[in-house]
Amino acid sequence: RTVYVNGEYLPEDQASVSIFDRGFLMADGVYEVVSVLNGKLLDFDGHMARLQRSLAALEIANPLAENEYLDAHRALVDRNAISDGLVYLQVTRGNPGDRDFAYPSEDTPPTVVMFTQAKPGLADAPAATTGWKIVSVEDLRWGRRDIKTVQLLYPSMAKMEAKSRGADDAWLTEDGFVTEGTSNNAYIVKDGVIVTRELSHDILHGITRAAVLRFAAEAQMKVEERSFTIAEAQEADEAFVTSASAFVMPVVEIDGKPVGTGKVGAIATRLREIYLEESR
Ligand code: PDD
């Protein structure tokens, strides 16, 4: 694979960053994941807008212009012959040359890394027809989940907890309400109404979420942005998640209880079709 590090395209085994990089020592950095379908980048502008917001929230100067990110994404898709897959982008506060809690001086250049992951058949994931099993896990992440930082240890722990209990993913709960999945936004459908948590510091403002809610409105589906509990989700007709890599993924079981009929729902399936259709 060819990867991108600070303006250079290199074979992956020749690419490196410093052990003093703030991303490595402090998880002081942000990231984006852009899906690629048939060589095309999905929702690129939305991901770049959120990158800008994440960097601004952490006072990291954005090192590249949007067209430079776009050129690099296209170059990596091209050089690695990615038809279906994703481009991962990470920007950290860079390498101050030592470890210190205080931010380094502003002339420390941020570190920019990009790489591709091939995922052949991404749009035809078999799980989309069988659905995911979910377990609920307490949300013990920090209070600024709207910033897409690389501190992903707790979501990784929750994912492992889900796997150890025979499920596909975890829904995180706080004060009795679902915040989101480990790496996706969470939804239920009851009596034809799509319910998903309102935007705040408590969840990541999903780019796929924004697109799916727009398509739902265009298709005259009803949407309510509010919090819901695991008990309400278990009594719902359908459930699903959205993310750049899962698109729209139906959920068929929550904490051992079937959702609705226990089969993938019609609205989730329809939204997935619309999302993939619009992405072509
Ligand atoms: N995760 N919530 C969390 C906590 C996420 O990590 C993600 C994305 C989402 C969905 O956001 P979007 O629709 O913009 O992808 C929601 C990415 C895919 C990841 O970590 O791999």
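Predicted model: local features only at pLDDT ≥ 70, side-chain atom pairs only at ≥ 80, totals over all residues.
**Exercise 1. Work out where domain 1 and domain 2 lie in the chain, and describe the side of domain 1 that touches domain 2.**

Solution. 

Step 1: Start with the bounds. The domain assignment puts domain 1 at 2-121 and domain 2 at 127-279. Their C-alpha centres are 26 Å apart.

Step 2: Count who takes part. With contact meaning C-beta atoms within 7 Å, domain 1 brings 20 residues and domain 2 brings twelve residues.

Step 3: Find the elements on the domain 1 side. Strand 3 (29-37), helix 2 (44-57) and strand 5 (85-92) are the ones giving two or more residues.

Step 4: Sort by class. On this side of domain 1 you get ten nonpolar, seven polar and three charged residues.

**Exercise 2. Which residues come nearest to the ligand, and which elements each supply at least two residues of the shell around it?**

Solution. 

Step 1: The ligand has 14 residues around it, and L204, G206, I207, T208 and A244 come nearest.

Step 2: Helix 6 (207-218) and strand 13 (238-243) each supply at least two residues. Helix 6 has the largest share, at three residues.

Step 3: Check the make-up. The shell around the ligand splits into eight polar, four nonpolar and two charged residues.

Conventions:
Residues numbered from 1 in each chain as written. Domains from an automatic or database assignment. Contact = placed C-beta atoms within 7 Å. Helix = DSSP H or I, 4+ residues; strand = E, 2+ residues; numbered from the N terminus. Nonpolar A, V, L, I, M, F, W, Y, C, P; charged D, E, K, R; others polar. Near = placed C-beta within 6 Å.
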